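The entry under discussion is shown below.

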Amino acid sequence: MHEIKFVAEILKNLEEIKLINNFTAIKSVEILIGEFSGVDERALVASFQMATHDSIWRDTELKCVLDPLKITCQECGKTSKVIDFDFICSYCKSREVREIGGKGIFIQSISI
Amino acid sequence: MCKDCGCGLNGLSHNYNDHGADQEHRHRHYHHHREDQQIPQDQKKLMISLMQANDDVAQANRLWLRNHNITAFNIISSPGSGKTLLLEKTLTALKNNLSIVVLVGDQCTENDASRLQKTGVPVKQINTISTCHLDAPMIAKELEAFVHDYEPEILLIENVGNLVCPASFDLGETAKIAVLSTTEGEDKPQKYPLLFREASAVVITKMDLVPYLDWSLPKAIENIRRLNSRAPIFALSAKSGEGTEDWLTWLTRESKAKVV
């Protein structure tokens, strides 16, 4: 979903970070992808490679980390994984649950 | 420096997991301001949201709507689900009791806006051209330029027909409404979980076609409930009018309450 748009946003941020911090190069950038974000890792990597292959960022590696979707139960308070997008507490089987993480897409870290 | 947790100080690292389920804080946390991109020599951890540009505008839209006492519904479905007919019938039924304004998103044409304008309600078409969803800046542009003039109680946003991207792009709405038609099968929620999880209400349309389909309402409800235990589900036929009363009552009540 709009991976090329996210790549443009990544590169815009890298430009600003490099400029503000006077870095000569950014070796890699790590992207945290929410399991529930709708973003496809393979498409993001492919888009990044396509966008950077002939630019100053061609040697910058894109790494992706999955942020798994978990839920916290409002009844028993325990945290469990979401399996097959079935939002049910693994412990007490309540459906009164709230998501933790698993959403959005972030620049998590860079290495220089 | 973030005023909420103090991160951003030189040498102070931050792990977003520290904030647990506080999604609101997490969204406020990740800035695009240049000062937050100053990284100490030994510090390389960042948490910059790639949705921040849209989300900042969405929050501004939300505040604007709240300040003007407008309840905004973002109506999302696949193309051909019957969104426009549902809106036609909704506007016709409610326009004498509630002031309503509509924004319609499509890549091209003004067809849907023209159809809805015949109800006598103010409607504006937004053509997204190459984009498959409305985004917060598109809505922001229309709030002062169009919506403001009518001082409505309700803003209905008919999003571009698409079950994927509209669910991910916050417009600043009060609530998302997912629309699903009987002709799409019962398993759409499982195929497009984000929308059905986020929806404050689900409308199942084209119930008049059920006798001609191999389709089960209990199964459809079960599939929705696996994702969303709370959203009311309205099974109706906009064409025949059957089942629309509960939907209209809910919409009216939620707009009066101003909280969904």
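Within chain A of this predicted model, confidence is lowest in helix 1 of chain A, at a mean of 93, and highest in strand 3 (residues 70–73) of chain A, at 96. The mean pLDDT of chain A as a whole is 93, whereas that of chain B is 84. The two chains bury about 3500 Å² between them, and the model scores ipTM 0.91 and pTM 0.84.

**Confidence**

- In chain A, 99% of the residues reach a pLDDT of 70 or more.
- In chain B, 82% of the residues reach a pLDDT of 70 or more. Residues 1–35 of chain B have a pLDDT below 50, and this stretch makes 66 contacts in the model beyond near neighbours in sequence.

**Strand pairing within chain A**

- Strand 3 of chain A pairs with strand 4 (residues 79–81) of chain A in the antiparallel sense, over 3 bridges. In this pairing, A:Thr72 stands opposite A:Thr79 of strand 4 of chain A.
- The hairpin formed by strand 3 and strand 4 of chain A has 5 residues between the strands. A:Gly77 in this hairpin takes a positive phi near 85°.
- Strand 3 of chain A also pairs with strand 5 of chain A, again in the antiparallel sense, over 4 bridges. Here A:Cys73 has A:Val97, in strand 5 of chain A, as its bridge partner.

**Extent and composition of the interface**

- Chain A contributes 38 residues to the contact and chain B contributes 34 residues.
- The size of an interface is often given as the accessible area lost when the parts come together. For chain A and chain B, 57% of the buried area of about 3500 Å² is on carbon and sulfur atoms.
- Between the two chains there are 12 residue pairs in polar contact, with both residues at pLDDT 80 or more.
- Helix 1 (3–21), strand 5 (97–100) and strand 6 (105–111) of chain A each supply at least two residues of the side of chain A that touches chain B. Helix 1 of chain A gives the most to this side, with 11 residues.
- By class, the side of chain A that touches chain B has 18 nonpolar, 8 polar and 12 charged residues.

**Strand pairing between the chains**

- Strand 6 of chain A and strand 1 (residues 45–49) of chain B pair in the antiparallel sense, over 3 bridges.
- A:Ser109 stands opposite B:Lys45, which belongs to strand 1 of chain B.

**Salt bridges**

- Side chains of opposite charge can pair when their charged atoms come close. A search of the whole structure finds 17 salt bridges over all chains, and the count between chain A and chain B is 4.
- B:Arg197 forms a salt bridge with A:Glu99, with the closest N and O atoms 2.9 Å apart. This pair joins two chains because B:Arg197 lies in helix 8 (residues 193–198) of chain B and A:Glu99 in strand 5 of chain A.
- A:Asp86 and B:Arg226 also meet through their side chains in a salt bridge, at 3.4 Å from N to O.

Notes: Residues are numbered from 1 along each chain as its sequence is written. Chains are lettered from A and ligands numbered from 1 in the order in which they are written. Side-chain values use heavy atoms; hydrogens and water are left out. Contact means heavy atoms within 4.5 Å. Buried area is the accessible area (1.4 Å probe) that two parts lose on being put together, summed over both. A polar contact is a pair of N or O atoms within 3.5 Å; within protein, one must be able to donate a hydrogen and the other to accept it, and residues adjacent in sequence count only if both atoms are side-chain atoms. Ala, Val, Leu, Ile, Met, Phe, Trp, Tyr, Cys and Pro count as nonpolar, Asp, Glu, Lys and Arg as charged, and the others, Gly among them, as polar. Two strands pair if DSSP finds at least two bridges between them. pLDDT is the predictor's confidence in each residue, from 0 to 100.
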